[in-house]
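Please look over the fold of this protein chain.

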Amino acid sequence: MIFLTVTLFSRNAKVYHIPWIYTPVRSVLAIWHQLTKAEIPELAKCSVLMRDRSRVEDTIYAMQRAGAGRLQVISDFDMTLTRFAHNGKRVPTTHNILDHRLLIDEDCSKKIRELLNTYYPIEIDAGRTAEDKLPLMVEWWTQVHELLIQQRIRKDQLAQAVKESSAMLREGYKVFFDRLTEQQVPLLIFSAGVGDVLEEVIRQNNVFHPNVHIISNYMDFDQTGVLRAFKGQLIHTFNKREGALSHASGLRVLQGRPNVLLLGDSLGDLTMADGVSEHQNILTIGFLNDQMDERKELYVKSFDVVLVKDETMEVPNAILKYITSSTDNKLDA
């Protein structure tokens, strides 16, 4: 067995001397690893839950060592990048934004709200499996889309509907989007909402940068700009794995980026990275927005990091900043 005197240097330029102690090499490495774990104070917030903090720190540090050039971010949109509520009132999803006097009549609006009241409790029911929910989600999305098509929505009115809505991205969203584009990290937004509305929301918030890629339900307008159908395969909360395998895996910009930071608010969002080939590290962050007591245990088991009733991007921003920090702050390989 090899013994040596311990002198440790942290990546914050601190020097740790342990005089006159002789320690096995294996123990030295363990001490070094403990001293150089990710230092992110935001992870200590009372709203942050982790089943295995050590694993989270190990994953973050491994991602930082690999660098921004090996990273991609995959995120849900509604209630993940957007707020769940503000001042005690629910913030509209991309589907809800279409519930606007310019776009649909009162009868259609009433029917869409009735569908929401029927199916949303099913979507978030912790007592049902994803397999049980899947056909019901197809029913919900299909009925809503059929109602919208009947309204003959005009494309040129979408921007005004978004502008007049109470849609809100989470506090800190600009730091999130801007950091990603500065570091040339691709952001794949994988949404079961309405892509046309989603694009307009981020465009009006001035964060629709070139590194942003979107997979969603897009409207198909006729030559006069009137909605006639929805394009392609329906994407809902619990079939994102199929979308990831068929769409995300083909995006060339994501190739050669095996480290994934994944953000979502539903257990169905956990499959959004299934299209990543030969992934090395995946860190999942789950926003627990509703029915906290009923779903907390399941979310902690499923996501690496759970943010409970947190309407900000503070924690994702802190993790992203650490991962993409300059090489000056990294431990030399």
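A contact here means heavy atoms within 4.5 Å. In this predicted model, residues 24 or more positions apart account for 69% of the protein chain's contacts with a separation of 6 or more. The chain holds 11 helices and 13 strands; these are DSSP runs, helices being H or I of at least four residues and strands E of at least two, numbered from the N terminus. Of its 333 residues, 50% count as buried, that is, under 20% relative accessible area with a 1.4 Å probe, protein chains only.

Residues are numbered from 1 along each chain as its sequence is written. Local features need pLDDT of at least 70, side-chain atom pairs count only at pLDDT 80 or more, totals for chains, interfaces and linings use all residues, and side-chain values use heavy atoms, leaving out hydrogens and water.

Now strand 13, residues 305–308. Val305 and Leu307 point one way, Val306 and Val308 the other, and all are buried. Two strands pair if DSSP finds at least two bridges between them. The pairings of strand 13 include these:

| Partner | Sense | Bridges | Residues opposite |
|---|---|---|---|
| Strand 3 (residues 48–49) | antiparallel | two | Leu49 and Val306 |
| Strand 12 (residues 281–288) | parallel | four | Phe287 and Leu307 |

From strand 12 the chain crosses through helix 10 (residues 292–302) to strand 13, in a right-handed β-α-β crossover. Right-handed means that, with the strands pointing away from the viewer, the path from the first strand over the helix to the second runs clockwise.

Is Ser325 buried or exposed? Ser325 is buried, because its relative accessible area is 15%. Ser325 lies in the segment after helix 11 (314–323). Its side chain reaches the backbone oxygen of Tyr322 at 2.8 Å. The C-alpha atoms of Ser325 and Ala68 are separated by 8.3 Å, though the two are 257 residues apart along the chain.

Methods. Polar contact = N/O pair within 3.5 Å; in protein donor to acceptor, adjacent residues only side chain to side chain.
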